[in-house]
Amino acid sequence: MTGPLALDPARSALVLVDLMDRIVALPLEPRKGTEVLTAAQELAAAFRAVGAPVVLVRVERPGVTEQPPGSGLVPGLAHPGDIEIVKRTIGAFQGTDLDARLRERGVSTLVFGGIATNLGVESTARAALDLGYDLVLVEDATAALTAAEHESSTRLDFPRLGTVVTVDQVRFVAG
(Lines give C-alpha, C1' and ligand atoms only; values in the text may rest on other atoms or scores of the structure.)
Protein backbone atom coordinates (compact mmCIF):
# COMPACT_ATOMS: atom_id res chain seq x y z
CA MET A 1 0.00 0.00 0.00
CA THR A 2 1.37 3.40 -0.92
CA GLY A 3 -1.23 5.95 0.16
CA PRO A 4 -3.07 6.66 3.39
CA LEU A 5 -5.57 4.16 4.75
CA ALA A 6 -8.91 5.66 5.79
CA LEU A 7 -10.28 3.96 8.91
CA ASP A 8 -13.73 4.47 10.41
CA PRO A 9 -13.07 5.31 14.08
CA ALA A 10 -16.49 3.91 15.07
CA ARG A 11 -15.58 0.47 13.67
CA SER A 12 -11.81 0.27 14.30
CA ALA A 13 -9.62 -0.64 17.26
CA LEU A 14 -5.87 -0.62 17.81
CA VAL A 15 -4.42 -3.85 19.25
CA LEU A 16 -0.93 -3.56 20.76
CA VAL A 17 0.64 -6.87 21.73
CA ASP A 18 3.13 -7.53 24.55
CA LEU A 19 4.56 -4.06 25.08
CA MET A 20 5.98 -5.00 28.44
CA ASP A 21 9.32 -3.85 29.86
CA ARG A 22 10.96 -7.28 29.65
CA ILE A 23 9.87 -7.78 26.02
CA VAL A 24 10.60 -4.23 24.80
CA ALA A 25 14.11 -4.65 26.25
CA LEU A 26 14.91 -7.77 24.17
CA PRO A 27 17.41 -7.52 21.29
CA LEU A 28 14.95 -7.08 18.42
CA GLU A 29 15.11 -6.60 14.65
CA PRO A 30 14.69 -4.74 12.34
CA ARG A 31 14.12 -2.06 14.98
CA LYS A 32 14.61 -1.73 18.71
CA GLY A 33 11.78 -2.29 21.13
CA THR A 34 11.89 1.38 22.09
CA GLU A 35 11.23 2.29 18.44
CA VAL A 36 8.24 -0.07 18.36
CA LEU A 37 7.02 1.52 21.58
CA THR A 38 7.30 5.04 20.14
CA ALA A 39 5.33 4.00 17.04
CA ALA A 40 2.72 2.26 19.22
CA GLN A 41 2.32 5.34 21.41
CA GLU A 42 1.81 7.50 18.32
CA LEU A 43 -0.87 5.13 17.03
CA ALA A 44 -2.54 4.93 20.44
CA ALA A 45 -2.69 8.73 20.72
CA ALA A 46 -4.31 8.94 17.26
CA PHE A 47 -6.91 6.28 18.13
CA ARG A 48 -7.72 7.89 21.49
CA ALA A 49 -8.06 11.32 19.83
CA VAL A 50 -10.92 10.04 17.64
CA GLY A 51 -12.53 7.93 20.37
CA ALA A 52 -11.49 4.58 18.88
CA PRO A 53 -10.62 1.76 21.31
CA VAL A 54 -7.04 0.92 22.23
CA VAL A 55 -6.42 -2.68 23.31
CA LEU A 56 -3.29 -3.40 25.31
CA VAL A 57 -2.37 -7.07 25.51
CA ARG A 58 0.18 -8.56 27.86
CA VAL A 59 1.17 -12.13 28.53
CA GLU A 60 1.31 -13.95 31.84
CA ARG A 61 2.96 -17.31 32.19
CA PRO A 62 0.39 -19.89 33.33
CA GLY A 63 0.98 -22.05 36.38
CA VAL A 64 3.48 -19.81 38.16
CA THR A 65 2.86 -17.94 41.39
CA GLU A 66 4.91 -14.90 40.39
CA GLN A 67 5.47 -13.39 36.95
CA PRO A 68 9.02 -12.44 35.88
CA PRO A 69 10.16 -8.86 36.56
CA GLY A 70 9.03 -6.48 33.82
CA SER A 71 5.80 -8.36 33.10
CA GLY A 72 3.55 -5.31 33.36
CA LEU A 73 2.78 -2.99 30.48
CA VAL A 74 5.42 -0.32 29.88
CA PRO A 75 4.68 2.50 32.35
CA GLY A 76 2.58 5.26 30.81
CA LEU A 77 1.29 3.11 27.93
CA ALA A 78 -2.16 2.46 29.42
CA HIS A 79 -4.66 5.30 29.61
CA PRO A 80 -8.10 5.40 31.23
CA GLY A 81 -10.65 3.73 28.96
CA ASP A 82 -8.15 1.41 27.27
CA ILE A 83 -9.02 -2.28 27.13
CA GLU A 84 -6.42 -4.41 28.91
CA ILE A 85 -6.21 -8.10 28.05
CA VAL A 86 -4.09 -10.66 29.87
CA LYS A 87 -3.33 -13.67 27.68
CA ARG A 88 -1.79 -16.97 28.67
CA THR A 89 -1.15 -18.25 25.14
CA ILE A 90 0.66 -16.79 22.14
CA GLY A 91 -2.47 -15.11 20.78
CA ALA A 92 -4.81 -12.71 22.58
CA PHE A 93 -8.18 -14.28 21.71
CA GLN A 94 -7.89 -17.80 23.13
CA GLY A 95 -9.18 -17.92 26.72
CA THR A 96 -9.92 -14.17 26.95
CA ASP A 97 -12.97 -11.95 26.47
CA LEU A 98 -11.28 -9.85 23.76
CA ASP A 99 -13.72 -10.80 20.99
CA ALA A 100 -16.77 -10.02 23.15
CA ARG A 101 -15.32 -6.67 24.25
CA LEU A 102 -14.63 -5.66 20.65
CA ARG A 103 -18.02 -6.81 19.37
CA GLU A 104 -19.91 -4.88 22.07
CA ARG A 105 -18.18 -1.75 20.74
CA GLY A 106 -19.12 -2.53 17.12
CA VAL A 107 -15.51 -3.04 16.04
CA SER A 108 -14.94 -4.78 12.71
CA THR A 109 -11.38 -3.63 11.81
CA LEU A 110 -8.30 -4.29 13.93
CA VAL A 111 -5.03 -2.42 13.54
CA PHE A 112 -2.01 -4.30 14.91
CA GLY A 113 1.35 -3.43 16.40
CA GLY A 114 3.59 -4.99 19.02
CA ILE A 115 6.22 -7.60 19.72
CA ALA A 116 6.98 -10.15 18.39
CA THR A 117 5.83 -9.75 14.82
CA ASN A 118 5.80 -13.49 14.06
CA LEU A 119 4.51 -14.67 17.44
CA GLY A 120 2.04 -12.65 19.51
CA VAL A 121 1.11 -10.21 16.76
CA GLU A 122 0.69 -12.77 13.98
CA SER A 123 -1.05 -15.32 16.20
CA THR A 124 -3.57 -12.72 17.38
CA ALA A 125 -4.07 -11.46 13.82
CA ARG A 126 -4.72 -14.97 12.47
CA ALA A 127 -7.32 -15.62 15.17
CA ALA A 128 -8.93 -12.24 14.44
CA LEU A 129 -9.18 -13.10 10.75
CA ASP A 130 -10.81 -16.43 11.65
CA LEU A 131 -13.34 -14.45 13.71
CA GLY A 132 -14.21 -12.25 10.72
CA TYR A 133 -12.30 -9.04 11.49
CA ASP A 134 -10.66 -6.95 8.77
CA LEU A 135 -6.95 -6.56 9.52
CA VAL A 136 -4.45 -3.75 9.21
CA LEU A 137 -0.88 -4.63 10.15
CA VAL A 138 1.48 -1.74 10.88
CA GLU A 139 4.93 -2.90 9.79
CA ASP A 140 6.95 -0.18 11.55
CA ALA A 141 5.08 -0.73 14.81
CA THR A 142 6.36 -4.31 15.08
CA ALA A 143 9.65 -6.16 15.58
CA ALA A 144 10.84 -9.73 16.15
CA LEU A 145 13.85 -11.53 17.57
CA THR A 146 15.42 -11.68 14.10
CA ALA A 147 15.02 -9.65 10.94
CA ALA A 148 14.24 -12.86 9.02
CA GLU A 149 11.28 -13.68 11.29
CA HIS A 150 9.94 -10.12 11.00
CA GLU A 151 10.36 -10.07 7.22
CA SER A 152 8.69 -13.46 6.81
CA SER A 153 5.60 -12.20 8.62
CA THR A 154 5.42 -8.73 7.10
CA ARG A 155 6.30 -9.66 3.51
CA LEU A 156 4.81 -13.16 3.15
CA ASP A 157 2.08 -13.73 5.75
CA PHE A 158 0.61 -10.31 6.60
CA PRO A 159 -0.31 -9.39 3.00
CA ARG A 160 -2.39 -12.58 2.87
CA LEU A 161 -4.17 -11.68 6.12
CA GLY A 162 -4.89 -8.01 5.62
CA THR A 163 -3.46 -4.64 4.63
CA VAL A 164 0.16 -3.85 5.54
CA VAL A 165 0.86 -0.18 6.22
CA THR A 166 3.24 2.14 8.06
CA VAL A 167 2.31 4.38 10.97
CA ASP A 168 2.22 7.39 8.63
CA GLN A 169 -0.43 5.72 6.45
CA VAL A 170 -2.96 5.26 9.28
CA ARG A 171 -5.69 7.91 9.00
CA PHE A 172 -9.35 8.21 9.96
CA VAL A 173 -12.31 9.15 7.77
CA ALA A 174 -14.13 12.29 8.82
CA GLY A 175 -17.32 11.43 10.60
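## A predicted fold with a parallel sheet

From the N terminus on, the elements of this protein run β-β-α-α-β-β-α-β-α-β-α-β-β, where helices (H or I, at least four residues) and strands (E, at least two) are DSSP runs, numbered from the N terminus. The radius of gyration, taken over C-alpha atoms, is 15 Å, close to the 16 Å that the globule rule gives for 175 residues, so the protein is as compact as a globular protein of that length; the rule itself is 2.2 Å times the number of residues to the power 0.38.

The model is predicted, so local features need pLDDT of at least 70 and side-chain atom pairs count only at pLDDT 80 or more, while totals for chains, interfaces and linings use all residues. Residues are numbered from 1 along each chain as its sequence is written, and side-chain values use heavy atoms, with hydrogens and water left out.

Six strands form an open sheet in the order 4-3-2-5-6-7, with parallel pairing; two strands pair if DSSP finds at least two bridges between them. Strand 4 (83-87) and strand 7 (163-165) stand at the edges with a single partner strand each, so one side of each is left without a neighbour in the sheet. Neighbouring strands of this sheet are turned by 25° against each other on average, direction ignored.

Strand 3 (residues 54-59) is joined to strand 4 by five bridges, and it pairs with strand 2 over four bridges, also in the parallel sense. One bridge partner on each side is listed here.

| Residue | Bridge partner | Strand of the partner |
|---|---|---|
| Leu56 | Glu84 | strand 4 |
| Val15 | Val55 | strand 3 |

Six of the six residues of strand 3 are buried (under 20% relative accessible area, with a 1.4 Å probe and protein chains only), so this strand is largely enclosed by the rest of the structure. In a regular strand the side chains alternate between the two faces of the sheet. Both faces of strand 3 are covered, with Val54, Leu56 and Arg58 on one side and Val55, Val57 and Val59 on the other. Over the whole protein, buried residues make up 47% of the 175 residues.

Helix 4 (residues 117-130) lies across strand 2 (12-17), strand 4, strand 5 (109-115) and strand 6 (134-143), and runs at about 165° to strand 5. Helix 5 (residues 147-161) lies across strand 6 and strand 7, running at about 165° to strand 6. For these angles, axes are lines fitted to C-alpha atoms, for helices over the stretch in contact (heavy atoms within 4.5 Å), and angles run from 0 to 180 degrees between N-to-C directions.

Methods: Buried means under 20% relative accessible area, exposed over 50%, partly exposed in between (1.4 Å probe, protein chains only).
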